Amino acid sequence: MSNKKISAEESEEIIKGYIESLDAGFLNFKNHKKYKRMKNTFSFTLRAMSIDLMSDLLADSRIKNVFYTPSAPPPGQGMDGISFRYRVYVQYQGEN
């Protein structure tokens, strides 16, 4: 377990590595940024949820927890159940 600070760039690299290993480009990883309401946490959006991705992230010793919630797309992008995205929150160990 590492208590090293994770930068936004490092977080994005960690997450993209797991997404790329799934060979699932359709997940459409976007909007990676620091989540200011929780310490040590970054958020991003996906077009679809992958249980393999969630379990891979949770198995990483740098990551404390992973949360996700459905998210409506921006205006003009559709509002049916198929057009929902997921906002994912990755909370890292240590201080950030």
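**Aromatic pairs and helix packing**

Tutor: Let us begin with a single residue of this predicted model. Tyr-89 has a relative accessible area of 16% and is therefore buried, since the cut-off for that class is under 20%.

Student: What share of the 96 residues of the protein counts as buried?

Tutor: Of the 96 residues, 34% count as buried.

Student: Which elements make up the secondary structure, and in what order do they run from the N terminus?

Tutor: The protein has 2 helices and 4 strands. Read from the N terminus, their order is α-β-β-α-β-β.

Student: How is a pair of aromatic rings described?

Tutor: The description rests on the distance of the centres and the angle of the planes. This structure holds 4 aromatic pairs. One of them joins Tyr-35 and Tyr-89, with 4.8 Å from centre to centre and 65° between the planes, an edge-to-face arrangement.

Student: Where do Tyr-35 and Tyr-89 lie?

Tutor: Tyr-35 is in the loop between β1 (30-34) and β2 (41-46), whereas Tyr-89 belongs to strand β4 (residues 85-92). The pair therefore ties together parts that are 54 residues apart in sequence. Tyr-35 has a relative accessibility of 23%, so this residue counts as partly exposed.

Student: Why is the pair of Phe-42 and Tyr-92 classed as edge-to-face?

Tutor: Their ring planes stand at 75°, with the centres 5.9 Å apart; the pair is edge-to-face because the class requires planes over 60 degrees apart. Phe-42 lies in strand β2 and Tyr-92 in strand β4, so this pair links parts that are 50 residues apart in sequence. Both Phe-42 and Tyr-92 are buried.

Student: Let us turn to the helices. At what angle do α1 and α2 pack?

Tutor: Helix α1 (residues 8-22) and helix α2 (residues 51-59) pack at about 140°, and their axes are 10 Å apart. The two helices are therefore oblique to each other, because an angle must be over 145 to count as roughly antiparallel. Their crossing is right-handed.

Student: Which residues make the contact?

Tutor: Helix α1 contributes Ile-15, Tyr-18, Ile-19 and Leu-22, while α2 contributes Asp-52, Leu-53, Asp-56 and Leu-57.

Student: Finally, what share of contacts between residues at least 6 apart in sequence joins residues at least 24 apart?

Tutor: For the protein, that share is 57%.

Key:
Residues are numbered from 1 along each chain as its sequence is written. This is a predicted model: local features need pLDDT of at least 70, side-chain atom pairs count only at pLDDT 80 or more; totals for chains, interfaces and linings use all residues. Side-chain values use heavy atoms; hydrogens and water are left out. Axes are lines fitted to C-alpha atoms, for helices over the stretch in contact, and angles run from 0 to 180 degrees between N-to-C directions. Angles under 35 degrees count as roughly parallel, over 145 as roughly antiparallel, 65 to 115 as roughly perpendicular and the rest as oblique. A crossing is left-handed if the near helix is turned anticlockwise from the far one by less than a right angle, and right-handed if clockwise. Contact means heavy atoms within 4.5 Å. Rings of Phe, Tyr and Trp (its six-membered ring) pair if their centres lie within 6.5 Å; planes under 30 degrees apart count as stacked, over 60 as edge-to-face and the rest as tilted. Buried means under 20% relative accessible area, exposed over 50%, partly exposed in between (1.4 Å probe, protein chains only).
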